[in-house]
Amino acid sequence: MRKKLVIGNWKMHGSRAVNAELLSGILAAGPLPCDAAVCVPFVYVADTAVSLAASALRWGAQDVSAHAQGAYTGEVSAAMLRELGCRYAIVGHSERRAGHAETDAQVADKAKAALAHGLTPVVCVGETLEQREAGQTEAVVKRQLSAVIHALGHCAGEMVVAYEPVWAIGTGRTATPEQAQSVHAVLRAQLRAATAHADTMKILYGGSVKPDNAATLFAQPDIDGGLIGGASLKAADFVAICRAAR
Ligand code: PGA
């Protein structure tokens, strides 16, 4: 049985005061039944590390450079994140693929850089509404994941995968548990063909996960937790989603 994992993706929200209140609200809820983490804006990683040091909650970033170091103005390396205790780095979020024109190859390089420095890459894949309606969902997610599997080689089993249909992100329109499960099953099969560890790997679902739909999503056989945007900004909602992950 895979232990469930719930990761909050704060995106570009928060302030030092707001974050402190959010984290203390989550910690006040006491032990959670799943593994849980928050992926925060880079500038708040250090504060978050201090706030969560004595807790079971992990932390991470929302992106990472593909490069180890050098003249890359504005970028943050995996080693820097690791030095601040990060456990996870989200890579290939659809907001970065779309807004920053990140390619499958760049996402794969970022995942590789993360793993090389002890971070677990949380590799996001997902189709747009247009692609879903054109019947391309499976081909799109397989292509996105395949680039990362190829780049990671024998370490592919160490990533976390997050299926996030683009049309479900921040829209309040969640994939049905059946829709999500069917894509997760496709991804699991693809992982099985690539690594002996596929059955212990976590495949998260993301896209309008809320306290009232989390339990049915997480009950699906290949959904191992969630990547949570909007609802991770409210302590009570994030805790409720974590409690649904058992
Ligand atoms: P959402 O975002 O939960 O607000 O839909 C999920 C994500 O983008 O990771």
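View 1. An oxygen atom of the ligand lies 2.8 Å from a polar backbone atom of glycine 230. The structure shown here and in the views below is a predicted model.

**View 2. Salt bridges of aspartate 224.** The structure contains 16 salt bridges. In one of them, arginine 2 pairs with aspartate 224, with 2.7 Å between the closest N and O atoms. This pair joins distant parts of the chain, since arginine 2 belongs to the segment before strand 1 and aspartate 224 to the loop between helix 9 (211-218) and strand 8 (225-228), 222 residues apart. Aspartate 224 also forms a salt bridge with arginine 188, again with the closest N and O atoms 2.7 Å apart. Here the loop between helix 9 and strand 8 is linked to helix 8 (residues 177-194), which holds arginine 188, across 36 residues of the chain. Arginine 2 is buried, at a relative accessible area of 18%, and aspartate 224 is buried at 2%. Arginine 188 is likewise buried. A network of salt bridges connects Arg2, Arg188, Asp222 and Asp224.

View 3. Lysine 4 is located in the segment before strand 1 (5-9). This residue is buried but has no salt bridge; aspartate 224, the nearest side chain of opposite charge, is 5.0 Å away, whereas a salt bridge requires a separation within 4 Å. Leaving aside residues up to four places away in sequence, lysine 4 touches Cys34, Asp35, Phe218, Ile223, Asp224, Gly225, Ala245 and Arg246.

**View 4. Salt bridge between arginine 192 and aspartate 199.** The two side chains meet with an N to O distance of 2.7 Å. Arginine 192 is partly exposed, with a relative accessible area of 47%, and aspartate 199 is also partly exposed, at 41%.

**View 5. Buried residues of helix 2.** Within helix 2 (residues 45-52), Val45, Thr48, Ala49 and Leu52 are buried. These residues lie on the same side of helix 2 because they cover an arc of only 105° around the axis. In an α-helix, residues three or four places apart point the same way, as there are 3.6 residues a turn. The buried residues of helix 2 pack against helix 1 (16-28), strand 2 (35-40), strand 3 (58-61) and helix 3 (78-83).

Key:
Residues numbered from 1 in each chain as written. Predicted model: local features only at pLDDT ≥ 70, side-chain atom pairs only at ≥ 80, totals over all residues. Heavy atoms only, no water. Helix = DSSP H or I, 4+ residues; strand = E, 2+ residues; numbered from the N terminus. Buried < 20%, exposed > 50% of the residue type's maximum accessible area, 1.4 Å probe, protein only. Lys, Arg positive; Asp, Glu negative; His and termini not counted. Contact = heavy atoms within 4.5 Å. Arc of directions from axis to C-beta. Polar contact = N/O pair within 3.5 Å; in protein donor to acceptor, adjacent residues only side chain to side chain.
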